[in-house]
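Here is a short briefing on one protein chain and its ligand. Keep the sequence and the 3D view at hand while reading.

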Amino acid sequence: MSWGYKANNGPQKWVENFPIADGVRQSPIDIVPGQASYDAGLKPLNLKYDPSTCLDILNNGHSVQVTFADDTDSSRLTDGPISGLYRLKQFHFHWGASDDKGSEHTVAGTKYPAELHLVHWNTKYASFSEAASKPDGLAVVGVFLKIGGENPNLQKLLKAFDTIKSKGKQTSFANFDPSTLLPGCLDYWTYDGSLTTPPLYESVTWIVCKEPITASSAQMAKFRTLLFSADGAAPDCMVNNYRPPQPLKGRTVRASFK
Ligand SMILES: NS(=O)(=O)c1cc(F)ccc1F
Ligand SMILES: [Zn+2]
């Protein structure tokens, strides 16, 4: 049986097939603002996304993912805590069964209803796959979602959900600008971490935005209509697809803001 988020295949069991689950730089973590160190040397994030690189939207059985053409530098991240240029590969979300949980990172123990991850890979490597296992291979920008007014930019994604309800479904998805999902203020926390799903590679420079974006409770309910299960199998709601916070193990969390 493959990994998932249930009692019999979830985060507490992943270590059996992926021993790095007990590693020294695992993600997510609880971010405690009072314990983060302000680093004046941290640059502002420089994100430039080209909507024409948006390819498709997919239910991969663990999340909903929007994939981008990454054969050029036209959608990329530079500056911030990283050196070099990292290309956008995909973004996806993690969310709960109810509005009181769902994010992977937490802030002084606070869970948000969802978390967006924008996944970028270091162009010093030849591809995402090659970069994914290197200590400086990936940079993931995390954005919290909180309950508020309806988010019109999220609406474009949600409209596609009916056609990708079950695992393995995908559909073309063009001209979406992921920068419309970023908060106005790009203050961030950063630390060295890992993928939050198997294979849990310790290859991620995490960049977690302090300011959340909003989603309405109805929009959050739409995420919960997606299925972990494939067409024809017993329907299994895609909810609680988040890993809980992991031990800091001596790591420092830096803040780009005072
Ligand atoms: N949740 S994550 O951003 O750490 C992540 C990104 C990937 F590209 C692959 C696996 C992952 F778990
Ligand atoms: Zn993620």
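Predicted model: local features only at pLDDT ≥ 70, side-chain atom pairs only at ≥ 80, totals over all residues.

Pro 199 sits in the loop between strand 12 (188–193) and strand 13 (204–209).

**Backbone features**

- A cis peptide bond also links Ser 27 to Pro 28, here with omega near 0°.
- Pro 28 belongs to the segment before strand 1 (30–31).
- Ala 108 is not a glycine, yet its phi is positive, at about 50°.
- To find Ala 108, look in the loop between strand 8 (106–107) and strand 9.

**Overall fold**

- The protein chain holds 15 strands and three helices.
- The C-alpha trace spans about 50 × 40 × 40 Å along its principal axes.
- The radius of gyration of the protein chain is 17 Å.
- A compact globule of 258 residues would have a value near 18 Å, so the chain agrees with that expectation.

**Where ligand 1 sits**

- The space taken by ligand 1 is the largest pocket.
- The shell around ligand 1 counts 13 residues.
- Nearest to the ligand come Gln 90, His 92, His 94, Thr 196 and Thr 197.
- By type, the shell divides into seven polar residues, five nonpolar and one charged.

**Strands that build the shell**

- Two strands each supply at least two residues of the shell: strand 7 (86–95) and strand 9 (114–122).
- Strand 7 gives the most, with three residues.

**Polar contacts to ligand 1**

- Thr 196 places a polar side-chain atom 2.8 Å from a nitrogen atom of ligand 1.
- For His 92, a polar side-chain atom lies 3.2 Å from a nitrogen atom of the ligand.
- For His 94, the corresponding distance to a ligand nitrogen atom is 3.3 Å, again from a polar side-chain atom.
- How much of ligand 1 does the protein bury? Taken alone, the ligand exposes 310 Å², and the protein buries 90% of that.

**Points to check in the view**

- Start with His 92, His 94 and Thr 196, which are among the residues that come nearest to ligand 1.
- Then follow strand 7, the strand that gives the most residues to the shell.

Note on methods. Residues numbered from 1 in each chain as written. Chains lettered and ligands numbered in written order. Heavy atoms only, no water. Near = heavy atom within 4 Å. Polar contact = N/O pair within 3.5 Å; in protein donor to acceptor, adjacent residues only side chain to side chain. Areas by Shrake-Rupley, 256 points an atom, 1.4 Å probe, with all protein chains shown as cover. 1 Å grid on protein atoms, 1.4 Å probe; cavity = no way out; pocket = protein on both sides within 12 Å on 5 of 7 lines; lining within 4 Å. Sits in = over half its atoms within 2 Å of the grid points. Helix = DSSP H or I, 4+ residues; strand = E, 2+ residues; numbered from the N terminus. Nonpolar A, V, L, I, M, F, W, Y, C, P; charged D, E, K, R; others polar. Rg over C-alpha atoms; globule rule 2.2 N^0.38 Å.
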